Amino acid sequence: MDYCLETTSLCKEYGHYKALNGLSMHIPKGSIYGLVGKNGAGKTTLIRLITGIQKPTSGEYILYNVKNTDKAINKVRRRMGAVVETPAVYLEMTAEENLIMQYQILGIPNYDGIADLLKLVGLADCGKKKAKDFSLGMKQRLGIAVALCGSPDFLILDEPVNGLDPQGIIEIRELILKLNRDFQITILISSHILGELSKLATHYGFVDGGRIVKEISAAELEANCRKCVHLSVTNAKALCRVLDGMNIEYTLTSDAEADIYGEIGITQLTLALAKENCEVKFIQKRDESLENYYMNLIGGQANA
């Protein structure tokens with residue numbers, strides 16, 4: 001597989017604290033890679049390293065086949081755009097002025113692409129309105145527009161929908177999908193809003209304690225997510241006796257409900273429960289969510 005970014009045993013230490021502890025990851029070209037982890041897991045530190053804001057204590061990374069220790073890495077980083085933590089915009093400037101400023105910083109000789117860029121992020125009609133008067137969603141889209149100056153083919157977004165209202169979240173989601181689909185931009189998204197991330201990502205990297213504990217494609221994740229039957233009954237103790245007798249894996253979710261895993265004969269189970277004077281109130285099929293997969297994975301690592 002062709003990778004946009006590979007990291008090998010990346011470490012970053014601040015005194016005695018290891019923010020990254022041997023992190024290795026692989027971001028395929030053309031993917032939307034979701035970096036999943038709790039606060040303090042090392043997500044933002046990783047982004048600071050690969051964008052050149054900070055240097056690793058040890059380990060290495062390869063960006064478009066160029067090692068971070070190579071002199072050519074700064075030139076290769078021009079293929080990268082990033083919004084780290086908060087959008088880097090000048091609040092006293094208009095959206096157009098912000099992009100002109102970024103073009104000047106990058107040394108782009110003309111401003112021909114600015115109108116198209118503003119249209120792409122939905123800010124073409126902002127006119128003389130200053131960024132300080134933008135909504136949070138508009139500021140985020142302007143930050144992405146600034147990151148897109150210079151036509152990068154690798155975009156890094158750190159918590160891009162954090163704090164946005166539902167409409168703002170939808171706008172950012174549609175923009176991300178468009179950039180990936182129509183412009184073939186590889187995108188790394190760091191986020192703790194897993195329900196939204198599951199609507200975007202083609203690949204995932206789960207980070208905990210400063211290292212990647214699992215990398216998996218969205219297709220593999222879907223195949224691995226456990227399916228279950230959610231059952232509500234009038235007698236949970238009777239349900240447990242029956243399921244134990246049938247050697248079926250289950251988890252009680254309340255004093256009257258349970259998730260049952262694996263293949264199960266509903267008719268056989270219902271009849272067995274009836275013999276125990278236990279009535280089935282409702283049955284519902286469920287798929288394990290990204291949130292549950294993450295919690296099971298990180299919980300398993302923590303308990304290993």
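In which loop is Thr51 found? In this predicted model, Thr51 belongs to the loop that connects α1 (43-50) with β4 (58-63). The relative accessibility of Thr51 is 18%, and because buried residues are those under 20%, Thr51 counts as buried. A polar atom of the Thr51 side chain lies 2.7 Å from the backbone oxygen of Ile47. When neighbours within four places in sequence are left aside, Thr51 is in contact with Arg77, Met80, Ala82 and Ile156.

An open sheet is formed by six strands, arranged in the order β6-β7-β8-β3-β9-β10, with mixed pairing. From one strand to the next, the twist averages 15 degrees. Within the sheet, β3 (residues 32-36) pairs with β9 (residues 203-208) in the parallel sense, over four bridges; Val36 stands opposite Phe206 in β9. Helix α6 (residues 166-183) lies across β3, β7 (154-158) and β8 (186-191), and runs at about 155 degrees to β8.

The cysteines were also examined. The structure holds zero disulfides. For Cys4, the nearest cysteine sulfur is that of Cys149, 19 Å away; for Cys240, the nearest is that of Cys278, at 9.6 Å.

Conventions: Residues are numbered from 1 along each chain as its sequence is written. This is a predicted model: local features need pLDDT of at least 70, side-chain atom pairs count only at pLDDT 80 or more; totals for chains, interfaces and linings use all residues. Side-chain values use heavy atoms; hydrogens and water are left out. Helices (H or I, at least four residues) and strands (E, at least two) are DSSP runs, numbered from the N terminus. Buried means under 20% relative accessible area, exposed over 50%, partly exposed in between (1.4 Å probe, protein chains only). A polar contact is a pair of N or O atoms within 3.5 Å; within protein, one must be able to donate a hydrogen and the other to accept it, and residues adjacent in sequence count only if both atoms are side-chain atoms. Contact means heavy atoms within 4.5 Å. A disulfide is a pair of cysteine sulfur atoms within 2.5 Å. Two strands pair if DSSP finds at least two bridges between them. Axes are lines fitted to C-alpha atoms, for helices over the stretch in contact, and angles run from 0 to 180 degrees between N-to-C directions.
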